[in-house]
Amino acid sequence: MDVKRLPNGEYLLDLKGTVCPYPVLYTKMTLEKLKAGEILQVVIDNPPSLETVPASVKASGNEVLEIREIEPAVWIIRIRRR
Amino acid sequence: MASFKVTFKRFFDNIFREPWPEYFAGILLGFVNIVFYAWALKPYTIFSGYQNWGQHIYSLINLNWISGSPLASVLEDKTSVGIIGLFFGASIAAIISKEFRIRLPSSRIQVVEAVLGGILMSLGVVLSFGCNWGGFFSAITALSLHGWAMFSGLLIGGYLGQKYIIWKVSFATRMHEETFKVKSSELGGRHILKRRLAPIFFAIEAITIILIMAYYSFGPIKDAGLYAVILLFGIIVGIIIQRSRFCFTTAFRDLFFGPEFQRSIRLHKGIILGLLAGVTGGFVLKYRGFVEPLNYVAPVSLTNILGGIIFAFGMVLAGACASGILWRAGEGHVNAFITIFTAVLAYPILRKSFNFTGIGFFIPNIGWTNGMILTYMLLFLYLLFILYLEGRKS
């Protein structure tokens, strides 16, 4: 999975097309590589991940800033590394 | 009337916005499973529907000597009708819930895994005499020991599948330090089939269901009402599974050390409640002679455990179980269609090639009361095991 850096300094992880458990795993692994305060945007289109990704982010002590539907059944989850 | 609008919307949101709790879905599935059993005189199963479809495909190209010939048309095979219903039910629930979307595989590896998963699941079904329904959920409901044998295999296979996934992702993340310009419009991804497609799919599916029902009403089918209601049961199962995200794969994959461990525990509790409802109904149906006691009692031996292991590994590769691939396909996952297609082509051949038999064990053979006590004790042990794992982790 490619983690891309956006012009505004945030990171982007595009997980469209992947299903459980990959969205949770890749999000977790990417967050571990970020520094505290950095922001990761995760793009998902797998409905169950809409629950499981935020739950695992919170369980690992990181912060879910925003969950936004950017088009039908595609969501961006913005996460701040703590 | 504003208050009616509010209450209606709240009810609608409860059903089609918020996911249903797993225990609620489990009880519903157990209940539907047993009513289905009473209606169809066979438990709700899945893979023999794929067998029916595959045999039709092979018959079209005169290859039915490798697959066997279909016993009934697609709309007159109980299992086939049941899973057609599951697909439509899940799809319609996904569309109403705004969760439908044509989703392309994210990588070539995913496509390879979908094919391999379909083949391994088919092989597992042959060895276990059923999938996660016919070999496990409905098998235990039918009071056959082969359900418990496959269950132990599913636990091992799910564990091995998780090992594989952790190994695979350990070297799969790549950080780019250079900056990329990504327009927000690009994040929607491949631009085929975006907005406005869900209503078209909805219309196609609704019309197809109406046409099938019309065929049952006016067509030349004997006992058409039987199949019409089976279709309805399938639709209900599909809605329940889609709305609760009742994923047997997550349940068995993440049970020991997975990232979705909590969800896996909740799913297992749902499965246990579903089995509790199922076996209770199973006793009633079989004791009263409503269905033959030995109905759906399949051979049991060590191969059932092996089949469970292979099946579980296959479903982890494919990302969904026998019912899960239908639900995911209904939601628009192209990968799930690939797995279904593989299973449809592989299963009839494997079934015909490995046509071994054995001795089944009907649990009430040890006496109805003893069998009942034993079954409830097994379910209780299953629950204790899940609660133990939950406690150990937290």
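With 29 C-beta neighbours inside 10 Å, Leu143(B) counts as buried (20 or more other C-beta atoms within 10 Å of a residue's own, placed from the backbone; 12 or fewer is exposed, and in between is partly exposed). This is a predicted model, in which local features need pLDDT of at least 70, side-chain atom pairs count only at pLDDT 80 or more, and totals for chains, interfaces and linings use all residues. Residues are numbered from 1 along each chain as its sequence is written, and chains are lettered from A and ligands numbered from 1 in the order in which they are written.

Leu143(B) is not a glycine, yet its phi is positive. Leu41(B), also a residue other than glycine, has a positive phi and is partly exposed, with 15 other C-beta atoms within 10 Å. Helices (DSSP H or I, at least four residues) and strands (E, at least two) are numbered from the N terminus.

| Residue | Phi | Loop in chain B |
|---|---|---|
| Leu143(B) | about 65° | between helix 7 (132-141) and helix 8 (145-169) |

In chain A, Cys20(A) and Pro21(A) are joined by a cis peptide bond with omega about 0°. Pro21(A) belongs to the loop between strand 2 (11-14) and helix 1 (22-33) of chain A.

The axes of helix 10 (residues 224-244) and helix 14 (residues 322-331) of chain B come within 10 Å and cross at roughly 80°; axes are lines fitted to C-alpha atoms, for helices over the stretch in contact, and angles run from 0 to 180 degrees between N-to-C directions.
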